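The following exercises concern the architecture of one protein chain. Please work through each task before reading its solution.

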Amino acid sequence: MVPAIERILKSKEGSNSNAAPIKALIITPTRELAIQIASEVKKLTTRTSGIKVQITVGGTNMGPEIQGLSRGPEIVVATPGRLQDHLSDSKIARLFSGVQTLVLDEADRLLDQGFKKDLEKIVSYLPQQRQTMLFSATFSPAIKDIAKKTLLPNYKLISTISEEEANTHEKIPQHLITLPDVDASTILPVAAQLLLDECKKEGETFKAMIFLPTARHTGLYGELFEQQQFKNGLPEIFCIHSRLSQGARTKTSAAFSKAKSALLFSSDVTARMFCLLSFMKPVLTIL
């Protein structure tokens, strides 16, 4: 964001009142990540000359977003589906005709969630003369394909990890428990006992995240552990997944971040976002 903000500040020096206001567009796969990115952008622009940031994500009322976009923010952070909804309005689409910087964040997750056609459609509304940055944890054939369609032919590939540096997962203690019968009746008591043992070991500073494959699994585990919370001495229980409203998800994430001792049951869609919130001793993934 630093070079994008610098470019915006330079363009404001000789600004044309008739020019399209939006100069930077950041596209990300989830609402939580969009909120997090916007928060960081606001920190970076606190002491700048009036740079405005607008979030546009699904699961919220479009009215306030339309009003916010119409006021001419310089930076927009969006999820693909909702952004495409806005671009179907020609008046809104014109506001994006002056985008100087396009960022595709978590590009591998964008493609995993089936946003390829949405991305191609969104890019068609943007000027060809722009800087595009694509961030991805992997560089699969699908990523290479979207890179060809969004980046210049001579784009540069930059790795943030040197060849000599060990991968993060090689530095973190890991334990794998294979169960004979993979069903809820076997997994649930084992997971509960593991968490209970860790709670007793760590005391009042224990925090853990439990990732589950679907929203249905997440809700089930959250309810079952809440029922056993006081009986077994478990800490506060939090649950977050895609079926919750955006307001509920935001409130839950903030509460879990502030809690000294807590368990968070989360679906895969929010897994990456919560890895950044705070340090937690164990992270349990149930497959």
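**Exercise 1.** Determine what percentage of the residues of the protein chain count as buried.

*Solution.* A residue is buried when its relative accessible area is under 20%, exposed when over 50%, and partly exposed in between (1.4 Å probe, protein chains only). By this criterion, 43% of the 287 residues of the protein chain count as buried. The model is a predicted one, in which local features need pLDDT of at least 70, side-chain atom pairs count only at pLDDT 80 or more, and totals for chains, interfaces and linings use all residues. Residues are numbered from 1 along each chain as its sequence is written, and side-chain values use heavy atoms, with hydrogens and water left out.

**Exercise 2.** State the strand order of the open sheet of five strands, and identify its edge strands.

*Solution.* Helices (H or I, at least four residues) and strands (E, at least two) are DSSP runs, numbered from the N terminus. The chain has twelve helices and nine strands. Two strands pair if DSSP finds at least two bridges between them. The order in the open sheet is β2-β3-β1-β4-β5, with parallel pairing. Strands β2 (53-56) and β5 (131-134) are the edges, each pairing on one side only.

**Exercise 3.** Describe how strand β4 is joined to β5.

*Solution.* Strand β4 (residues 101-104) runs parallel to β5, and four bridges join the two. T101 stands opposite Q131 in β5.

**Exercise 4.** Which strands does helix α4 touch?

*Solution.* Contact means heavy atoms within 4.5 Å. Helix α4 (residues 80-87) packs on the sheet and touches β1 (24-27), β2 and β3.

Notes
Axes fitted to C-alpha atoms, helices over the stretch in contact; angles between N-to-C directions.
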